[in-house]
Amino acid sequence: MSTRTAVITGASSGIGAATARRLAAEGYRVVLTARRADLIEALAKELPGARAHALDVTDRAAVEAFAATLDRVDVLINNAGGAHGADPVATADPADWRTMYEVNVLGVLHMTQALLPALTASGDGTVLILSSTAALGTYEGGSGYAAAKHGAHAVAETLRLELCGQPVRVIEIAPGMVRTDEFALTRFRGDRAKADAVYAGVAEPLTAEDVADTIGWAVTRPPHVNIDLLVVRPRAQASNYKVHREA
Ligand code: 8X3
């Protein structure tokens, strides 16, 4: 049997890069995609058999062209996503909402549609959608991001219904507070002080590796075991609103 292949979106940093490392360690041939070619090419050099393909998941034609380059796909990790802005509904920028919907929802649609034939043909395919605790609840300032991630959650739930009886699992992983290099910095448009304040006093937020560990566990369960939805938060975060901060 040839080596199982995992395609990972947003693999240039954070949870995507950590997941690429984790799945390569599990023996998968990983295909790294992200907009930033230099970062995924550098990571691919570190991982045996890995390949990098620069890709914007919001570009449907590019996604279809990428899919045509693949001879085998067993696992699709829909990780590309993110938050833009933390403004109230009253003043939020529609451009931020459009960007979040395009990446977090339509990006998942494009990738899943393009790779589903290969995932089904593998006889044991997995579509994993990385959502968020913002897919299941919300918080002030989180409306646009929560709306997009609620959308991704709905896609996961619907796809699982539609694929029932076919050899493709649909897994959703919903992380809470994860400290990565870029998530909060992107949300606050590069404002380092605001980004750091998100994690202020939290003894140990999750790391990208913690989430990659969860993803690695979920996708390596036996084929008949489907981890529908897994919420993972740091011990110091009991809910979107209940975070223990040390003074
Ligand atoms: C990240 C979790 O709390 O910033 O997806 O929405 S949160």
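Set aside the neighbours within four places in sequence, and Ser-131 is in contact (heavy atoms within 4.5 Å) with Lys-149, Glu-172, Ile-173, Ala-174 and Pro-175. Before going further, a word on what you're looking at: this is a predicted model, where local features need pLDDT of at least 70, side-chain atom pairs count only at pLDDT 80 or more, and totals for chains, interfaces and linings use all residues. Residues are numbered from 1 along each chain as its sequence is written, and side-chain values use heavy atoms, with hydrogens and water left out.

Back to Ser-131. You'll find this serine in the loop between strand 5 (125-130) and helix 5 (143-163). Helices here are DSSP runs of H or I with at least four residues, strands are runs of E with at least two, and both are numbered from the N terminus. Ser-131 is buried, at a relative accessible area of 4%; buried means under 20%, exposed means over 50%, and partly exposed is in between, using a 1.4 Å probe and protein chains only. One of its contacts, Ala-174, sits 43 residues away in sequence, yet the two C-alpha atoms are 4.8 Å apart in space.

Ile-173 turns up again when you move to Ala-218. Leaving out neighbours within four places in sequence, Ala-218 is in contact with Arg-169, Ile-171, Ile-173 and Ile-227. Ala-218 belongs to helix 8 (residues 208-219) and is buried, with a relative accessible area of 0%. Its C-alpha atom is 7.7 Å from that of Ile-171, a residue 47 places away along the chain.

Follow the chain out of helix 8 and you come to Pro-222, in the loop between helix 8 and strand 7 (229-232). Pro-222 counts as partly exposed, at 37% relative accessibility.

Another loop to look at is the one between helix 6 (183-187) and helix 7 (192-198), which holds Arg-189. This arginine is exposed, with a relative accessible area of 54%. Check its backbone too: phi is near 50°, a positive value in a residue other than glycine.

Now for helix 3 (residues 60-67), whose buried residues are Val-63, Phe-66 and Ala-67. They sit on the same side of helix 3 because they cover an arc of only 100° around the axis, judged by the directions from the helix axis to the C-beta atoms. What do these buried residues pack against? Their partners are strand 1 (5-8), strand 2 (29-34), strand 3 (51-54) and helix 4 (94-121).

Finally, zoom out. The protein has eight helices and seven strands, and its C-alpha atoms fill a box of roughly 55 × 35 × 30 Å along the principal axes. Buried residues make up 48% of the 247. Of the contacts between residues at least 6 apart in sequence, 69% join residues at least 24 apart.
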